[in-house]
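Hi,

Here is the structure I promised to pass on to you.

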Amino acid sequence: MLEKLCNLDATSGDEGAVRDFIISKIDGFCAWRVDNLGNIIAFKKGAKTPAKRVMLDAHMDEVGLIVTSITTEGFLKFSTVGGIDTAALMFRNVKINGKTNGVICGKPIHMLSADERKKLPKEDSLYIDIGAADREDALKFVNIGDRAVICGECSINDGMLLSKAIDDRAGCAILIDILKRDSEYDFYASFSVQEEVGLRGAKTAAFAIEPDCAIIIESTTAADIAGVSEEDKVCKLGQGPAVSFMDKATVYDREFYNAAINSGIPCQPKSAVAGGNNSGAVHLSREGVRTIAISLPCRYIHSSSSVANKEDFLNTGKLVRYMLSGICSGEIK
């Protein structure tokens with residue numbers, strides 16, 4: 001499921017391929033609809049009425065590029081869609097609209113000055129080369145406003161996952177699995193759009209669902225790599241999902257955080273107060289929503305070669321199901 005989801009392309013605002021795939025998997029297992037922004041909003045009927053109305057959320061979109069202009073020589077200028085480090089862009093293969101191949105290029109190294117070689121190039125100095133002879137030729141294949149993704153197919157080896165778009169197709173795969181299972185309690189779910197450009201889809205989904213509580217299923221930066229000090233590693237692969245206590249968008253519900261950390265399911269605190277996710281929009285909806293974020297640790301996030309641990313992925317699903325059951329039953333206050 002995760003491999004199929006990661007191999008689909010869905011830059012923010014262009015989530016149709018992933019949305020269609022998810023609908024094909026959940027149809028018949030729950031009631032669902034697509035709202036005006038493109039979120040999938042689902043309702044799972046359980047055997048009992050829950051103590052609290054609970055919303056689960058995972059976002060469908062991934063970071064990518066959008067074509068902003070085409071030069072007279074036929075090169076494509078672009079802006080990033082979501083946060084991508086320039087180092088993750090240089091000389092990468094891209095696919096535009098799922099069919100046109102290109103490569104991200106800039107000034108060749110032998111033409112750089114000594115000072116230029118010491119710095120990463122600026123984003124606005126880069127371009128996409130699709131092999132067009134000139135602007136007129138390029139327009140046969142692409143248009144301004146077309147989206148591109150950095151290519152990177154999913155592979156699973158020795159318990160490790162390597163792919164583009166693990167953020168947040170991992171969350172989508174977990175949420176599909178939960179919706180396909182029999183449920184003890186009613187709950188709502190959203191597969192949201194445009195998280196990478198400002199938490200937009202989750203804002204409208206939460207307004208529509210009116211939850212009391214929410215569980216955000218995410219992927220997050222793991223920095224357990226060479227050269228990073230122990231206190232800056234944020235979270236580590238192989239130690240279970242990361243549970244946030246605070247980030248730049250949300251101060252998380254303390255009771256939910258404690259319940260997750262003490263669940264007995266392998267998990268770890270996300271140690272940095274940095275970044276944000278759909279919790280930032282959901283917890284401020286209407287009169288406020290008690291919120292927890294449970295995230296799959298992921299190295300090299302927002303690149304074509306993100307790396308995650310298979311056991312962490314499975315334990316993320318287990319912890320989400322544990323929290324859903326506990327909140328719905330009232331056992332987690």
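Strand S6 (residues 93-96) pairs with strand S9 (residues 147-150) in the antiparallel sense over three bridges. Two strands count as paired if DSSP finds at least two bridges between them, and the labels are DSSP runs numbered from the N terminus, with helices being H or I of at least four residues and strands E of at least two. Lysine 95 has valine 149 of S9 as its bridge partner.

Before I go on, please keep in mind that this is a predicted model: local features need pLDDT of at least 70, side-chain atom pairs count only at pLDDT 80 or more, and totals for chains, interfaces and linings use all residues. Residues are numbered from 1 along each chain as its sequence is written, and side-chain values use heavy atoms, with hydrogens and water left out.

S6 also pairs with strand S7 (residues 100-105), again in the antiparallel sense, over four bridges. Here asparagine 93 has valine 103 in S7 as its bridge partner. S6 and S7 form a hairpin with three residues between them. Asparagine 97 lies in that loop, and its phi is near 55°, a positive value in a residue other than glycine. Most residues other than glycine have a negative phi, and most peptide bonds are trans. Asparagine 97 counts as partly exposed because its relative accessibility is 35%; buried means under 20% relative accessible area, exposed over 50% and partly exposed in between, with a 1.4 Å probe and protein chains only. As for the faces of S6, Val94 and Ile96 are on the covered one, while Asn93 and Lys95 are on the uncovered one. In a regular strand the side chains alternate between the two faces of the sheet.

Two other spots are worth checking for backbone geometry. Arginine 286, in the loop between helix H7 (279-282) and S16, has a phi near 50°, also positive in a residue other than glycine. Its relative accessible area is 44%, so arginine 286 is partly exposed. A cis peptide bond, with omega about 0°, joins aspartate 167 and aspartate 168, and aspartate 168 is in helix H4.

Now the eight-stranded sheet. It is open, with mixed pairing, in the order S1-S2-S12-S3-S13-S16-S14-S15. Strand S1 (31-34) and strand S15 (268-270) stand at the edges with a single partner strand each, so one side of each has no neighbour in the sheet. Neighbouring strands are turned by 25° against each other on average, direction ignored. Within this sheet, strand S3 (residues 54-59) and strand S13 (residues 213-221) pair in the parallel sense over four bridges, and valine 54 stands opposite cysteine 213. H8 packs on the sheet, touching S3, strand S12 (187-192), S13, strand S14 (242-244) and strand S16 (290-298), and its direction makes about 170° with that of S16. Contact means heavy atoms within 4.5 Å; axes are lines fitted to C-alpha atoms, for helices over the stretch in contact, and angles run from 0 to 180 degrees between N-to-C directions.

There is also an open sheet of three strands, S10-S11-S17, with antiparallel pairing. H8 lies across S11 and S17 of this sheet, running at about 65° to S17.

H8 meets other helices as well. The axes of helix H4 (residues 166-180) and H8 come within 10 Å and cross at roughly 50°. H4 and H8 are therefore oblique to each other; angles under 35 degrees count as roughly parallel, over 145 as roughly antiparallel, 65 to 115 as roughly perpendicular and the rest as oblique. On the H4 side the contact is made by Ala170, Ala173, Ile174, Asp177 and Ile178, and on the H8 side by Phe313, Thr316, Gly317, Val320, Arg321 and Leu324.

Helix H6 (residues 254-261) also comes within 10 Å of H8 (residues 310-329), axis to axis, with a crossing of roughly 130°. That makes H6 oblique to H8. Phe256, Ala259 and Ala260 in H6 meet Leu319, Tyr322, Met323 and Ile327 in H8.

Best wishes
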